[in-house]
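Q: Hi! Could you walk me through this model when you have a minute?
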Amino acid sequence: MKKALLLSVLLIAVVFTSWATGAQDGGGDGTTELRIAWWGNPTRDERTLAVIDMYQEVNPDVIIEPETVGWGGYWDRINTQVAAGSLPDVMQHDYAYLLQFASRKQVADMTPFVDSGIINLDGVDETYLSGGRVDGKLYGISLGTNAVAMVYDPGMLKAAGVAEPTLDWTMDDFAAAARQVFASTGVQTVPFFTTDPKVGFENWIRQTGYPMFDPSGKSIGFKNISELEAFFALQVQLIAEGVMIPAEESFVTLSPQEGFLAQGGSWVDFIWSNQFVSTQDAVDRPLKMTLVPAIANGDRPGTYLKPSMFFSIPEVSEEKEEAAKFVDFFLNDPDANMVLLGERGVPITPEVREIVKANVPGAMQQIFDFISLVGNGYASPIDPPDPAASGEFLKMFRDVTMETLMGIVTPAEGAAKVESQGNSILSR
Amino acid sequence: MASKSRKVAGKILFQVLMFAFGLIMIYPILWMISNSFKTTNEIFGSASLLPEKLLIDNYVRGWRYVGRLTFTQFFKNSLFYSCFSTIGVVVSSAFVAFGFARIPFKGSKFWFAVMFLTMILPYQVIMVPQFIIFQKIGWINTFKPLIVPMFMGLPFFIFLMVQFIRGIPVELDESAWIDGCGYFAIFTRIIAPLMKPAVITTTIFSFYWRWEDFLGPLLYLNKPKLYTVSLALRMFSDPQTSTDWGAIFAMGTLSLIPVLAIFIAFQKYLDQGIATTGMKG
Amino acid sequence: MGLSTTGTRSFAAKKELKKTIAGYCFISPWLIGFLFFTMLPILTSAYYSMTSYDILDDPVFIGFGNFTSMMSDELFWKSIKVTFTYVFFSVPLRLAFALFVAVLLNQKARFLRFHQTLYYLPSILGGSIAVAVMWRRLFMADGAFNAILEIFGLNRGISWIGREDTALMTLVVLAVWQFGSSMLIFLAGLKQIPQSYYEAARIDGARRDQMFFKITIPYLSSVIFFNLIMQLIAGFTVFTQAFVVSGGSGDPLNSTLVYALYLYQRAFKYYQMGYASAMAWVLVLIIGTFTIVLFKSQGKWVFYESKGGK
């Protein structure tokens, strides 16, 4: 029996030894471990990893652990890490979620690092920084500027005998072009922003002067849901005619390489301007980008310039200063930016912008031109960041859009559903 | 004569049908393996099991994963997790099972019933509070939340081993008692050696379950350095960024090799184990 | 004399105590694990289910608030519906397939061992992520399944994982495909049925189907019963396959949003630990009800040998 006792003690001892050995991982030997996380695409991953290698070469005592997945998986992962208290040292952030993280004090104020010169923001225009500020504190540094865009295959249009889109294209022009492309070549059209249809409708509703969300964050920002009905109805109509790809197929999450544009199933796609690089990488035909078509009776442009993404330093990081050094390198190092080439959007620091601009390949040149075009009269001011419940709202919006485009509910019912469910999610 | 040839025809038909159905059953697996040698464009829209040419590239590219981490690390992690947990769960389960099966102590029946009830308790009930407890004591991003509970035995295995021990004649213990052995000696000298078949079966299944475990690593291992093969495969095949299907299938195929190897080596025990214990594979 | 009885009594009591100590020693690993990793979480879970708790701030007691808001949560009902559909298709189909193939394999013929291995293989490999990832690819619009349909001229370019009415069925097929382990269990059961039963029935002129329903099924009923319960529990808690095949979202249109996946999302996507805990208790209720009903009903259809099952 003594032996029985001994063995159970032994077992417990093994447990605790494993605990003790597992407890000490990383660090300790003079090196710093930095975890850097971003949502990506193959092009971005390749370039970012190259920059990480460059940084490690200059800083041999820093070991960087990259973490990358796609947009959806990224936020699932980040949310688990928030719950676990194990966010990385540098995380890529989005305008939609930055406010939520800042108000919960999950990301650190980066002002001290800017003041001490670790992060050099000399000459950066305040308009580029304001998106990352909450109550005067800098919770994220913009990595570039973005705007929504329509990307199309001019070759396909030419083959179909359709003129290329102009800057004053309306939704009617778009629908007419889509019909003609389908009639003469059989090539279809993708619905608006299938990964996040809210982006498509936001562009639409902003043209009527209303924001997507009420400034209070407690309700939707628009009163007239007939616009939403029209947004749905246009797509439902095109699907019924066979012109637009049914939601059953077009809403399946795919990588750019597997997407309809790359596979020749669509002549057009809707993206954020910085995604033009990875989209062009995935498609072996030359592409062009332009404004998203406008609604017929709009009061102002719906497009706005948005910080494409931020780098933030989570509050739980124990290596904030090292993290800040990396952010600075990422923003300012000319060689690093020659690799990145503005894939995350048009760079914010003037020198880097000039360097990159002078060296960019064709695809990137189009993004620069597009962003300056949008900045010159085709943009309206950005709305406040999305409210905290936006994650749930976006999922609901996408679900209802799918239901409507699949014909399960009518456009009017879909619009009413967004209004009632949206308000109940936001008011919680 | 006619009836005999009809019988032969029937037998042949039976074999053909059984084999055809078997082929359908393993087709998906063969498809995955063959895809691991194809280019991504070859994979799209093709049901063929024969790659145009055998590409080893997929394995090289896949193994490199992203950044500086390679699948070497993930296989190491998976092996560490699977082996360590399995040793723990088998030893402690056998130990506990002996207590329940051979010692008629006070409360034995009660605790056995409690243990039986926990078998039908869905993991979801304890998932959230366990996560919070482990988070509070700083066990996140270690293997402890995954391994330590295994050292406490698994009710399912304990139950099976209790059944097994009850099948061993009590006379053996009694003669040992006369020789002056205590419970511990009876366990180590008499029962444990006889438990070999049960131990092998539980070892195999424990290894399988740990190797294929996904939810546990998903919750507790948030750093790429700690990913198990399952988790790395999921991240690798993220629907928004994954394009390199050849490499994904190559790593998927590799992840099945330990499972297959054990299956081939221990098939006899597996069949027995499942048949006698009603265990799910 | 009195001395001697107290002596034996104290000796007996001592022996009893010794046994008790030994017993608890042996079960101590499990007992400690049970108290800390099961009992404590169960109790806290019961408490959390009555709170609003986002893990960052302290839990706030809200009574049955989580349960009442569940009643009006459309996604909750959707996930219930999805899970029940999944269970009601996958579990019976899986058992039926397993039984059917087991009967086929339970005869005298060649290569049975080989066939058995082929049918069992998917069960061994099916739980792995690699297979789930492959499954997603298999049923995409440009996947192999459509390519096979193409051979028969049936390809309509359907994205099986993209359509609301077919996505869940791909998961059901994935589950049914893994009927191998149940098959082996049934096969072992079949081998124990005395051949004399069948011979007697044959002499009485019974047909094959009559023998199947009058002899095979009753004889196997206890094995079927055990399997049914285990598979129901596994079915109600299915997570990994749905998570991987749907890309973690329950897409399309939440048609693959199984209960465990929705619970996971509530807990780790929206940090509603209280709500998730409440959902977990509803799951206990559902599984408990099914288990109890099955146990109650077993007298009607499950035959144990000792009771003289025919």
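What follows is a short chat about confidence, chain contacts, domains, helices and sheets.

Q: Before anything else, what sort of model is it, and how are things labelled?
A: It's a predicted model, in which local features need pLDDT of at least 70 and side-chain atom pairs count only at pLDDT 80 or more, while totals for chains, interfaces and linings use all residues. Residues are numbered from 1 along each chain as its sequence is written, with chains lettered from A and ligands numbered from 1 in the order in which they are written.

Q: Which ipTM and pTM does the model score?
A: ipTM is 0.90 and pTM is 0.86.

Q: And what does chain B average in pLDDT?
A: Chain B averages 88, and 94% of the residues score at least 70. (pLDDT is the predictor's confidence in each residue, from 0 to 100.) For chain C the mean is 88, with 95% of its residues at 70 or more.

Q: Where in chain B is confidence lowest, and where highest?
A: Lowest in α15(B), at a mean of 69, and highest in helix α7 (residues 144-147) of chain B, at 95. Helices here are DSSP runs of H or I with at least four residues, strands are runs of E with at least two, and both are numbered from the N terminus.

Q: Nice. How many residues of chain B are in contact with chain C?
A: 69 residues of chain B, meeting 70 residues of chain C. Two residues are in contact if their C-beta atoms, placed from the backbone, lie within 7 Å.

Q: Which element gives the most on the chain B side?
A: α1(B), with 11 residues. Other elements that supply at least two residues each include α4 (71-102), α5 (108-119) and α14 (245-265) of chain B.

Q: How do the residues of that side divide?
A: Into 46 nonpolar, 17 polar and 6 charged. In this scheme Ala, Val, Leu, Ile, Met, Phe, Trp, Tyr, Cys and Pro count as nonpolar, Asp, Glu, Lys and Arg as charged, and the others, Gly among them, as polar.

Q: What about chain A against chain C?
A: There, 22 residues of chain A are in contact with 25 residues of chain C. The largest share of the chain A side, 6 residues, comes from α3(A), and that side divides into 9 nonpolar, 6 polar and 7 charged residues.

Q: Switching topic: what are the domains of chain B?
A: Domain 1 (2-60) and domain 2 (62-277), with bounds from an automatic or database domain assignment. Their C-alpha centres lie 33 Å apart in chain B, and the contact takes 12 residues from each of domain 1 and domain 2 of chain B. On the domain 1 side of chain B, α1, α2 (40-43) and α3 (57-64) give two or more residues.

Q: And chain C, how is that divided?
A: Into domain 1 (2-48) and domain 2 (66-307). The C-alpha centres of these domains of chain C lie 39 Å apart.

Q: How do α3 and α10 of chain C cross?
A: The axes of α3 (residues 74-105) and α10 (residues 208-236) of chain C come within 10 Å and cross at roughly 145 degrees. Axes are lines fitted to C-alpha atoms, for helices over the stretch in contact, and angles run from 0 to 180 degrees between N-to-C directions.

Q: Who makes that contact?
A: Among them are C:Tyr86, C:Val87 and C:Arg94 of α3(C), and C:Ile224, C:Leu228 and C:Phe236 of α10(C). The residues of this contact divide into 9 nonpolar, 6 polar and 1 charged.

Q: Over to chain A: what's the order of the 5 strands in the open sheet?
A: β2-β1-β3-β12-β6, with mixed pairing; two strands pair if DSSP finds at least two bridges between them. The edge strands are β2 (62-69) and β6 (141-142) of chain A. Between β3 (residues 90-93) and β12 (residues 310-312) of chain A there are 3 bridges, and the two run antiparallel. A:His93 has A:Phe310 as its bridge partner in β12(A).

Q: Which strands does helix α13 of chain A lie across?
A: β1, β2, β3, β6 and β12 of chain A; α13 (residues 320-332) runs at about 50 degrees to β1(A).

Q: What about the sheet of 3 strands?
A: That open sheet has the order β9-β8-β10 in chain A, with antiparallel pairing. Its edge strands are β9 (268-272) and β10 (288-290) of chain A. Strand β8 (residues 148-152) of chain A is joined to β10(A) by 3 bridges, and A:Met150 has A:Thr290 as its bridge partner in β10(A).
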